[in-house]
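Dear colleague,

I am handing over the structure below, and after it you will find what was found in it.

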Amino acid sequence: MTGLDELYREVILDHYRNPRKQGTLSGEHVHAEGSNPSCGDEFFLDVAVTDGVVTDAAMRGQGCSISQASGSMMMDIIVGRTVEDVRDLTHKFKLMMSIEEGDNPVDPERPGSVLGDLEALQGVRKFPVRIKCADLPWATLTDALDQTTA
Ligand code: ZN
């Protein structure tokens, strides 16, 4: 294991052990649920959107460390951003997870930098079956945001 892999592991485990924004929202919000049967992951998401801005979010879920850590990292990064920004981040995350290692179009200067802790999930690309785990919260988020544009 290289130093970078070790760092990534620590970031993922920190989010898994201390997940951000656990629970539900009580005010007006949209709700979406997703699951990844191949791993047994489940993800439940509440998102509050006001005037095109994600004002709050809450998650509940169970499953592997990759899926829950990805969800926790997502919570950290989406609140306070516009829906447009969040959709752009979702796109960048999917790009990061779908490309070959060492070839990162997100930010040529500093790969993955706009994604913050999510950069740590790049290591998951080596395990294609786990990419679905990392992607689950983001697919659920897209379902939730799609309800807000109606
Ligand atoms: Zn999983």
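At 33% relative accessibility, D14 counts as partly exposed, a class that lies between buried (under 20% relative accessible area) and exposed (over 50%), with a 1.4 Å probe and protein chains only. Please bear in mind that this is a predicted model, in which local features need pLDDT of at least 70 and side-chain atom pairs count only at pLDDT 80 or more, while totals for chains, interfaces and linings use all residues. Residues are numbered from 1 along each chain as its sequence is written, and side-chain values use heavy atoms, with hydrogens and water left out.

D14 forms a salt bridge with R20 (a side-chain nitrogen of Lys or Arg within 4 Å of a carboxyl oxygen of Asp or Glu), and the closest N and O atoms of this pair are 3.1 Å apart. R20 is partly exposed as well, at 22% relative accessibility, and a network of salt bridges links D14, R20 and D76. The structure holds 6 salt bridges, and two further pairs are described here.

One of them joins the side chains of D56 and K21, at 3.5 Å from N to O. Because D56 lies in strand β3 (residues 53–62) and K21 in the loop between α1 (3–17) and β1 (30–36), the pair ties together parts that are 35 residues apart in sequence; helices (H or I, at least four residues) and strands (E, at least two) are DSSP runs, numbered from the N terminus. D56 has a relative accessible area of 28% and K21 one of 37%, and both values count as partly exposed.

The other pair is D146 and R87, whose closest N and O atoms are 2.9 Å apart. D146 is partly exposed at 41%, and R87 is partly exposed at 31%.

Helix α4 has 21 residues and reaches 31 Å from its first C-alpha to its last, close to the expected 30 Å, which is 1.5 Å times one less than the number of residues. At D135, α4 bends by about 40°, with a proline, P137, following within four residues; the bend is the angle between axes fitted to the seven residues ending there and the seven starting there. Among the buried residues of α4 are C133, L136, P137, W138 and L141, and the buried residues of this helix pack against β1, β2 (41–50), β3, α2 (65–78) and α3, where contact means heavy atoms within 4.5 Å.

With kind regards
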